[in-house]
Amino acid sequence: MKKNRIKVLSMIVLILSTYLIGIFSVMPEKVSAADSLDEYVIIKNFRAEKHPDGGTELAILEEMKLSFKFEIDLVKMGENTPNLGDQFRVSIPSEDYFDYYDKVGTLKNEQGISVFNYEVIGNEIIFTVAEGGDGASDFLRGEIELTARAKRAGEKIDNGQGGTITITPPPIPPDNTTGNDEYKDSDKDFHKDGRPTGTNKMSWSARVNYDKYGIAFDDFGKDPSTAEVVDRENGLLVDHLTEGTHFTPESLYVTVPVYIITYPEEKPAGSGDFTPKRMGDRQIGANYFLDGAPLDPIPQEIPFFDFIIEAEGGKNPDRAQFLLLEQEENETYEAFKTRVQNHPEDYGRRAYGVYKHEDNTETVLIAFGTLPGNKFYYEDLRETYAGHPNADIHLAIELDATLTPSQRTDLHRFYSKDGPSKGAIMAYDIGFIVDVDVPAYGDGWYHNDITFEFDGKEQQEAGADVDFRANWGEAEAGFLNTKKIVEGEENTELAEPRIFKFNIVDKVGNIVAYGRTEEEVTVKGKPFNTKFYKDENYMQPINNIDKDSPDHWSSILTENEWYYIKEVDLDGYEVSILNSKGEQTDRIQYVKGKEQRWNFVVRNIEPFRVEAVKKIVGEGKLSGKKEFKFELRDNRTNPPTVAAYGKTTVTDKNVETPIKFYLDQDCTKEITNWKKMEVDGQERTILENGIAYELVEIDDQGYEVTYSNKELPNGSYVSGATVTANHTDGGKIAFLVENKDTFHFGANKKIEGTGDLPEALTFEFELKDVATGSIVAYGKVDVGAKGTDAPIEFFTSADYAAANKITDWTAVLTEGKKYRLEETETHNYAPIYSGGSGADKNEFTVSFNNDPAITINTENRDTLDFRATKEVTGEGVFKEETFKFELLDGEDVVAHGRAEVTEKNSEVEIDFYTDPENVATKITDWTKVLTAGKTYTLKEVDDSGYAVSYTNQDSESTNQFVAEYTTGKVFKIKVTNKRDKVPLPQTGGEGYQQQLMLASGILLLIILTAGILEYRRRKVGA
């Protein structure tokens, strides 16, 4: 029993240990993406206070500014680092009391890389480590500032960091008698109206999508949770103007209606029947009246009604939410209409345009996008009123003195993203002005039809009539005086002096007069007079004084017509034209019967421009055209952002060739204005004011590139490739990009072999013109170790003077010529060349701007110079004979020699082979055959009875030598064979043995012959 208990206990221990091992085996070594960083976060400078006045007490709908800094304590994390996706939380005032404007966002570093993403949820901001913070090991910190609107009253609201905030209720609105009337259903239909306005003008107005707007109120009144507006896609207003009328530039006016909702009333009283909630007859923030004072309207604190989103046709920057699209050359009406209609959906901005038909009539097109859609919201409508900066529709609802609490609640929801349109704008009021061509078109009723198109083919139509009375007048044309001023500090020189030119045109663009400054404009801040002519060659001046002159303005201008001053050939200049009242306008209307003086000042801002030229500096001609490309870079981002692309083609050296700049990499759209240009229907900033840009040549094609620039008109070139855009003062910066011929040549020296060098060795070289043999450069290098390339330095003088060191080979070598590198001081080494051409691989032909570079390497190996010769002497008879030899290492043959001797007393070189039967094994490098320090013996094989003698290079009688590497010494053995008339044997040696054998053979032959003769004689005698 005891043994069983022990077994059970052991099993439990085993299971627990296995479980613990499993746990520890999956524990990460550093903070995982799912872990919290809360314990490592340090919060600093936390503030949650009323904005803009400060303090911790605010009323409902007032704003709170929340800000703090934070830092991740990486020291506390130890070896761990923050990972992508790691999170930490910071407590803040709860969303129960505040609406935060920016609930989701990203914190980026200076390079634009996301370091943290954040989201407001409940009473916390949750920060998540993004790409820029992943693996941070040095520091990781940030700061944030959010704005929120108080939405519910409360005391001692936790600010998230130990403090409290108090929110008080809004003030109670006063009683009023504005009423609870509904908006008439008949007025919700698509509607157009018109009336005369100004001199020879009419205004047209229309209500757009009010029918859907009214239905939204009705459905919301029945059940807010189910009310939903059906979209009308690509809403477009089309107004074909009546012949004789023309759209007045900058006259488009668009507002967003913000009507209230009615509250239920028991009618009749005591009946138990209540009126439904519907669209009311007044707007949020509209004036109201008190009892007994129906003629004294009281303005609201926030007059939010008829919220203006477009005024002056885009000229007013604070009221410019409709982009004016211009008709392009040869563009058809249908193409233009489609472009305008699609613009809101394609680019997220509402648009309008005026199409001029061939018959001089016009069509006004106004595009709203999908109604209500998901791009333009009520909550985006913001305006600053007295005491209420950046007020929106919800603040206007809260402070509307005419609303009941239930109306406020309904309207907050109706115009929010929980409303029927999901907060998107449902309806618009539009208006614009047209000019009437007087006297061509005069008094009478003018009818105009308008169409609202949507959902592809659906449309609504409306029309209106105006009883128009023309202002005919009876006055002669008066004087026209214009002055030209380029803005800037007085008498500051223009980058380029110029004559400014103008045209006077009628409504349809016909030119009736030509003008230009009387002299060249050379400085800023000074007015220059302008003179007008009848002809484009400026030969027939218009008389500006004598009314009776046939050349007076009255002979040119048509009575009561509109004319416009247009500056031409702007070349990037910004222009504004002011009349004598200081109003910005370029329009003139001539009326008979009045003495008129038309005075205008045409003001220009000199554009900031970048120009550049390219020049190849060098000798000779280019082999062909060379195209170069450039980028003008904004280095604030990584990688840099390209603001402009440049391109030019150079056809000759030492000539400045202009570089053209383009918006696109394919170099199709040339830059004409360095400040802004319209691209694909949207205005695009080219160079930002005050930002530095760098000009970079993309491919130098092997040339040495230098950049310089100067400020025109009087600047001098200074080194540099950067320019800072200055749209305030204008001016011109000119770049010079010079490409100098280069030739990339180098040489290295290396000693191969075993063992260390006893001392550093200096090697010398000569670079020669192959054709002439003349030396063009001298090289030298010190080598202190084997097996390493040492770069050779070159000089133009043999004394290697530092002042003559070659740094620019184009000044030394001639393009097209061939040169050879030769080592002149070898220290008895055998140089082997590589990297070049020619038989020895030490030659090259110069071609400037080479890529890759030409590098010749010289490798010196150990040398051993061993030679042997053969000579036959004596007075004996000699015929041609081949002699053979062996070179012995002790008893081992290491080489076989052979010499072909054709005559006596002629010293012949002995050729050596490692294989006597294979001529391909002829020995040319003795270091591969002989071992340094060993003794070798040369021996003649089969001397044929000669008297053989051996003599070395020092005239010593020996056939042996000790192999020594790289001494410069020549080891030589001369083998001499002597033959006299009667060959006598030498004492000893193989010659004696050969002589003895020969004599013995002859004697044996004589005895044998005598024996045979004696045998025959006896046989015969017998």
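The model is predicted: local features need pLDDT of at least 70, side-chain atom pairs count only at pLDDT 80 or more, and totals for chains, interfaces and linings use all residues. Residues are numbered from 1 along each chain as its sequence is written, and side-chain values use heavy atoms, with hydrogens and water left out.

**Salt bridges**
- The whole structure holds 50 salt bridges (a side-chain nitrogen of Lys or Arg within 4 Å of a carboxyl oxygen of Asp or Glu).
- One of them joins glutamate 145 to lysine 65 at 3.8 Å, N to O; glutamate 145 lies in strand E9 and lysine 65 in strand E3, 80 residues apart. Strands are DSSP runs of at least two residues, helices of at least four.
- Glutamate 766 pairs with lysine 768 at 3.6 Å, and glutamate 766 is buried at 18% relative accessibility (buried is under 20%, exposed over 50%, partly exposed in between, with a 1.4 Å probe and protein chains only).
- Aspartate 865 and arginine 867 meet at 2.8 Å, N to O; aspartate 865 is partly exposed at 30%, as is arginine 867 at 39%.
- A salt-bridge network links Glu182, Asp185, Lys188, Asp218 and Arg278.

**Sheet**
- Four strands form an open sheet with mixed pairing, in the order E52-E49-E57-E55; pairing requires at least two DSSP bridges between two strands.
- Strands E52 (790–791) and E55 (830–834) are the edges, each pairing on one side only.
- E49 and E52 run antiparallel, joined by 2 bridges; asparagine 748 has proline 791 in E52 as its bridge partner.
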